[in-house]
Each structure stands twice: as C-alpha cells, then as structure tokens.
Amino acid sequence: MPDQHLHIISFNVPYPPNYGGVIDVFYKLRALHALGVKIHLHCFEYGREIPAELAAYCEDLYFYKRKTNALSTLTLKPYIVASRNSEELIERLLQDNHPILFEGLHSCYYINDKRLKNRMKIYRESNIEHLYYLNLFRSEKNLGPKFYFLMAGIKLRFYQSVLKHADLMLVVSQDDSDYLKSKFKKNKIVYLPSFHANESIHLIPGKGDYVLYHGNLSVAENEYAATYLVKEVFNDIHIPFKIAGLHPDKRLQKLIEDYPHIELIDSPDDEKMLSLIQNAQINILLTFQATGLKLKLLNTLYNGRFCLLNHKMLAGTGLDALCEIADTSSSLKEKVSSLFDSEFDFAKVQQRQTVLDENYSNNKNAQKIIALIFG
C-alpha cells in the first residue's frame, strides 16, 4: 500500500491542546499519525509559542504569521479568514497532489483557489461560524466587541458559500450536519465528532461537596452562562458553587463578592482543572447557542460525576442518556438540590464508556477519516 499523505491547515498552533478547536486538531493528527498517515501540518501562528512536541506527529511542520493588521479587516472576507493567508502556504500545497484538510472556516482562504481545482479538499467543521458570532453579538455587553461580532457574523454568513468547493465535510454534531446538508445538497457531508484527550473514564468514587461550572471566561458566551448561574440559580440556594476558567472579567469577579457560597477560580492549570472536575458532586454546563460540539462536555463525562446540562448543550451529540437535563432556572435549582444529596451510581460508568466508545473513540474516528479520504 502506498504511503497516505495529508496536508492539514490549522487556524492556530494546536499545542498545547488546551481550548476548543485546537483540542480537536491535536488529537486528530495524533490519532492519524498512529495509524500511519504522513501529516504535513501548516499552522497560522499568533500569540502561541512554536512547540517541539508537534514534530513527533508530522512529516513536515510549517508556521505562518497570521496577518492581524488593519488591512485584514478592510475586505469582504471575514477577518478570521482574511488574516490567514500566505503565498508560502499555497506554493507548498502546489508541490504535490496530496489531499488537503482545512481546519474550520478560519483556514479556508484557499479552498476555492483555482490552482487547487483538482485536489481533494476536506472541510473540518467545528461550528456554524456565523451563528456562533451572532450569538456572541447577543451576549456581549461592550459596544466595540458587539459591533465586531455583528459584522463578523454577517460576513461569515455570506462567505460560507465557499464550502461548495469542499469534496468532503466532516461535521462535529448531528444538528450542524443537518444544517449543512440543507445548504449544500450536492456535497458529501459526514457526521464525525470531535477528537479529544480521553479514551477511558476516570471517575473518583465518593461524593463531592461543591457544584462546578467551568469554561474559558474571556469568551462572552461563557461569561454570560456563569453570570446567569450566579443570578438565577445559585442566588438563593446556598450550596457551594465554584466557577473556574481562563481570564474572568472584573464584572464577574465583582458580582460574586455578594455571594459567600460562590468561589471564582481564576485560570487554573490543566491539573487543577481536572481535579476540580473529578471532585465536584455536580458539573453544570450551560450554553445558549446550539452549534458545534462543546468539548468540555466530553471531558466532563469522562472525568466527572453528575453532569447537569440544558438541551442546547446536548444538541446533536447523542449523549442525552448520560446527563441530567434542565432548561429553566427553577428546574436547574431542583436538579442541583436533589443531585447534591444523591450518591452517584457507579454502575452507570460502563454505560458511559459504551456510549462514548460508540461515537467518540479517537481511534475509530481516525479510521473513518482514512477510509473517507484514501478509500
């Protein structure tokens, strides 16, 4: 069998794999490498160090400076796309005929380039981007970012049409898959969940003495969810509640000063975050936009006890049977109160493992990618 070569264009340096999209990129390339795929990785670099660790999984490794100047905003292309182009990149792609995997709409500057007309092009979806940005617009309080999110959402809605040039779309949730199939009826679209850091469940026996919400708190959506939980759920139930995540806003810090049973943990490292998830009695995860797959949900199911979510958090994941679900502040309060005094049934651990293995095994999903691209 001839060697299987694959170009991957990543929107950011995927190491360390410590937030959303880069988690999927890193564990995908690691799983493909383990199955013998020769990976030629192209990364747009901004604000992250260039790590030596990636070389272990790649035949070739290239880095390009993201163009974060004002010129990238003065174009009809969305800023997240316009700031990621490089003549060096396209010249390297043209040196062979290997398939090209575009990670997210961010990396799709060249997906409709005529020079790549006869190449196999794969789009890896992580969000319906314009819906994501329009929801950020609704969540954001500051006028500057609010205007940016609105304009980005409008530009991304129109730019989405370039995806008709993809020979294959790999989509992270069933709901997103249904949406893209309705827009691109002639394209091949396949549901393929996100890659992640876990292969087996690691739950700690016993009970926890707090409820945890975690997420990147510099993201407006997550700050909004944390604020909602403080004001609408834990405002009058005095169960210990911890909020943990990167770069919390001063508004959130000030808000919780009035609640002695609520603790804010600012930017815990990976080890601390894992400990918080594993030792919580309940991990509560909310979202107010049902696009993409929330990787923190997977991480929580592999490592935490009770997982309490709203329906939008589960949209298109097929994981409903493994979670407790509530959608209103009153039903969330009821669930928190009842689960906090309950023993977690460790007989359910095998059910979790079985369900997660079915669709979320990195090895199985890497095999699917190889079959789809290389036959």
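This is a predicted model: local features need pLDDT of at least 70, side-chain atom pairs count only at pLDDT 80 or more; totals for chains, interfaces and linings use all residues.
At what angle do H9 and H10 pack? The answer is about 60°, with the two axes 9 Å apart. Keep the structure in view and find each piece as you read.

**The seven-stranded sheet**

- Let's start with an open sheet of seven strands, which follow the order E3-E2-E1-E4-E5-E6-E7 and pair in parallel.
- At its edges you will find E3 (60-65) and E7 (188-191), each of which pairs on one side only.
- From one strand to the next, the twist averages 20°.
- Helix H14 (residues 362-374) lies across E1 (5-10), E5, E6 and E7, and its direction is at about 170° to E6.

- Strand E4 (residues 100-103) is a parallel partner of E5, with four bridges between them.
- On E5, Tyr123 is the bridge partner of Phe102.
- E5 is also joined to strand E6 (residues 168-171), again in parallel, by three bridges.
- One more step along, E6 and E7 pair in the parallel sense through four bridges, and Leu170 has Val190 in E7 as its bridge partner.
- Which way do the side chains of E5 (residues 121-124) point? Lys121 and Tyr123 point one way, while Ile122 and Arg124 point the other way.

**The six-stranded sheet**

- A second open sheet has six strands in the order E10-E9-E8-E11-E12-E13, and its pairing is parallel as well.
- E10 and E13 (324-325) each have a single partner strand, so one side of each is left without a neighbour in the sheet.
- Within this sheet, four bridges connect E8 with E9, and the two strands run parallel.
- Look for Val211, which stands opposite Phe241 in E9.
- Helix H12 (residues 329-340) packs on this sheet and touches E8, E11, E12 (306-309) and E13. The direction of H12 makes about 165° with that of E11.

**H9 and H10**

- Back to the pair from the opening question: with an angle of about 60° between them, H9 and H10 are therefore oblique to each other.
- The crossing of H9 past H10 is right-handed.
- On the H9 side, the contact is made by Leu274, Ile277 and Gln278, which meet Asn299, Thr300 and Asn303 of H10.
- Sorted by type, the residues of this contact are two nonpolar, four polar and no charged.
- H9 (residues 270-279) has Met273, Leu276, Ile277 and Gln278 as its buried residues.
- Those buried residues of H9 pack against several elements: strands E8 (211-214), E9 (241-245), E10 (262-266) and E11 (282-285), and helix H10 (295-303).

**H4 and H7**

- Helix H4 (residues 129-139) packs with helix H7 (residues 220-233) at an angle of about 50°, and their axes are 9 Å apart.
- That angle is why H4 counts as oblique to H7.
- The crossing of H4 and H7 is left-handed.
- Here Tyr132, Leu136 and Ser139 from H4 meet Ala220, Glu221 and Tyr224 from H7.
- The residues of the contact between H4 and H7 divide into four nonpolar, one polar and one charged.

- Met313 sits in helix H11 (residues 311-314), and it counts as buried because its relative accessibility is 2%.
- Leaving aside residues up to four places away in sequence, Met313 touches Leu285, Leu286, Thr287, Lys294, Lys296 and Leu297.
- Met313 and Ile128 are 185 residues apart in sequence, and their C-alpha atoms are 15 Å apart in space.
- Lys364 belongs to helix H14, and with a relative accessible area of 42% Lys364 is partly exposed.
- Between the C-alpha atoms of Lys364 and Asp113 there are 32 Å, and the two residues are 251 residues apart along the chain.

Technical notes
Residues are numbered from 1 along each chain as its sequence is written. Side-chain values use heavy atoms; hydrogens and water are left out. Buried means under 20% relative accessible area, exposed over 50%, partly exposed in between (1.4 Å probe, protein chains only). Two strands pair if DSSP finds at least two bridges between them. Axes are lines fitted to C-alpha atoms, for helices over the stretch in contact, and angles run from 0 to 180 degrees between N-to-C directions. Angles under 35 degrees count as roughly parallel, over 145 as roughly antiparallel, 65 to 115 as roughly perpendicular and the rest as oblique. A crossing is left-handed if the near helix is turned anticlockwise from the far one by less than a right angle, and right-handed if clockwise. Contact means heavy atoms within 4.5 Å. Ala, Val, Leu, Ile, Met, Phe, Trp, Tyr, Cys and Pro count as nonpolar, Asp, Glu, Lys and Arg as charged, and the others, Gly among them, as polar.
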